[in-house]
Amino acid sequence: MRSPKNRWPKLDEVSGIEDATPLILEWLGEQGVDALLRVDAARMREGLPPWTFAASGGPLPHGLRADGATAGECLGRALLVLRDAGVTVPF
């Protein structure tokens, strides 16, 4: 298993959180949280935020969801929702 200090990549300002997304999902899985990041073409066609993050299980008492116009926005919102639910992702 990788050590936490070597796990997180150094992010540049252009790519943002997207570079860390697989690592964040992996970390959540290690905590017993089932999580996914999804794009919905129908929502995109309707002009709705097409990206959805959903998580449940592990330390989460209830499932949670966050939506966004981009993958980065969606995951950023998801990190805030997770923090409010008591799961602070080390990012």
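**View 1. G32 comes after helix α2**. The phi of G32 is positive, near 90°. Helices here are DSSP runs of H or I, at least four residues, and strands are runs of E, at least two, both numbered from the N terminus. This is a predicted model: local features need pLDDT of at least 70, side-chain atom pairs count only at pLDDT 80 or more, and totals for chains, interfaces and linings use all residues. Residues are numbered from 1 along each chain as its sequence is written, and side-chain values use heavy atoms, with hydrogens and water left out.

**View 2. The buried side of α2.** T21, L23, I24, W27 and L28 are the buried residues of this helix. Buried means under 20% relative accessible area (1.4 Å probe, protein chains only). These residues lie on the same side of α2, because their arc around the axis is only 165°. The arc is taken from the directions from the helix axis to the C-beta atoms.

**View 3. An open sheet of 3 strands**. The order is β1-β2-β3, with antiparallel pairing. Strands pair if DSSP finds at least two bridges between them. β1 (34–39) and β3 (64–68) are the edges; each has a single partner strand, so one side of each lacks a neighbour in the sheet.

**View 4. β1 against β2.** β2 (residues 51–56) pairs with β1 over 6 bridges, in the antiparallel sense. L36 has A54 of β2 as its bridge partner.

**View 5. Helices on the sheet.** α2 (residues 21–30) packs on the sheet and touches β1 and β2. Contact means heavy atoms within 4.5 Å. The direction of α2 makes about 150° with that of β1. Axes are lines fitted to C-alpha atoms, for helices over the stretch in contact; angles run from 0 to 180 degrees between N-to-C directions. α4 (residues 71–84) also packs on the sheet, touching β1, β2 and β3. Its direction makes about 150° with that of β3.

Notes: Buried means under 20% relative accessible area, exposed over 50%, partly exposed in between (1.4 Å probe, protein chains only).
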